[in-house]
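Subject: Structure for you, with notes

Hello,

Here is the structure I promised. Please open it next to this email; my notes follow below.

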Amino acid sequence: MDMKSNLHNRLVMAGAMLAVCATVAQAHQEAAETVSGPNPLADKVRAANSRFLDVKAATAEGYAPIPCASGITGGAMGIHYVNGQYLKDDKIDIARPEAVMYEPMADGRLKLVAVEYITSKGPASLDGQLFNFNSAPNRYGLGEFYELHVWAWKGNPTGTFADMNPKVSCEHAMAPSQ
């Protein structure tokens, strides 16, 4: 019985240690996903565009919403608020992104998650970060263009500059008729 009791105690202790390790590892992973390390460009984007934390600032500056964009393999970009004037001028200005991206929340609020810079002139870059090229035809019905997403307000486990974010969802986007 002593040996059996000792084994049982060791197994319970090992299970408890595993649970603690798993909890610590999960907390570390979640923290890493929230802020995936220092990123000077994301910091600059955040500083230049935090006025958009309130979607009313975006609409006041001429941005208009387009439907929530989800990825075919999961994740989403969110609802893009696009500024048509900035889209036409092809200038890349850190404080004037062509699109501001919001995740629709369950309570109806829109949470700023990222911005997107778009130009038809390329190859393009912002502070040394190359834009992604989108050929034509494309799902947006646009000609060829270059774009750069910057996930400055919501960590993206696939990268600060990836198109889709697996941590973003369109689940709470209102239907067009609402």
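A residue counts as buried when its relative accessible area is under 20%, as exposed when over 50%, and as partly exposed in between. Please also keep in mind that this is a predicted model.

**Strand β8**

Start with strand β8, residues 145-150. How many of its six residues are buried? Six of the six are, so the strand is largely enclosed by the rest of the structure. In a regular strand, side chains alternate between the two faces of the sheet. Both faces of β8 are covered. On one side sit Phe145, Glu147 and His149, and on the other Tyr146, Leu148 and Val150; all are buried.

Which strands pair with β8? Strand β4 (residues 110-119) does, in the antiparallel sense, over five bridges. Here Val115 stands opposite Val150 of β8. Strand β7 (residues 132-134) also runs antiparallel to β8, and three bridges join the two. In that pairing, Phe133 stands opposite Tyr146.

**Salt bridges**

Now the charged side chains. Side chains of opposite charge can pair when their charged atoms come close. The cut-off here is a side-chain nitrogen of Lys or Arg within 4 Å of a carboxyl oxygen of Asp or Glu. By this rule the count is seven salt bridges. Three of them are described below.

- Asp43 and Arg46: the closest N and O atoms are 2.4 Å apart. Both residues lie in helix α2 (residues 40-49). They are three residues apart, about one turn of the helix. Asp43 is partly exposed, with a relative accessible area of 38%. Arg46 is partly exposed too, at 27%.

- Asp127 and Lys44: the closest N and O atoms of this salt bridge are 2.5 Å apart. The pair links distant parts of the chain, 83 residues apart. Asp127 is in the loop between β5 (125-126) and β6 (129-130), while Lys44 is in helix α2. Lys44 has a relative accessible area of 42%, so Lys44 counts as partly exposed.

- Asp93 and Arg96: their side chains meet in a salt bridge at 3.8 Å, N to O. Salt bridges that share partners join Asp89, Asp93 and Arg96 into one network. Is Asp93 buried or partly exposed? At 30% relative accessibility, Asp93 is partly exposed. Arg96 falls in that class as well, at 26%.

Best wishes

Notes:
Residues are numbered from 1 along each chain as its sequence is written. This is a predicted model: local features need pLDDT of at least 70, side-chain atom pairs count only at pLDDT 80 or more; totals for chains, interfaces and linings use all residues. Side-chain values use heavy atoms; hydrogens and water are left out. Helices (H or I, at least four residues) and strands (E, at least two) are DSSP runs, numbered from the N terminus. Buried means under 20% relative accessible area, exposed over 50%, partly exposed in between (1.4 Å probe, protein chains only). Two strands pair if DSSP finds at least two bridges between them.
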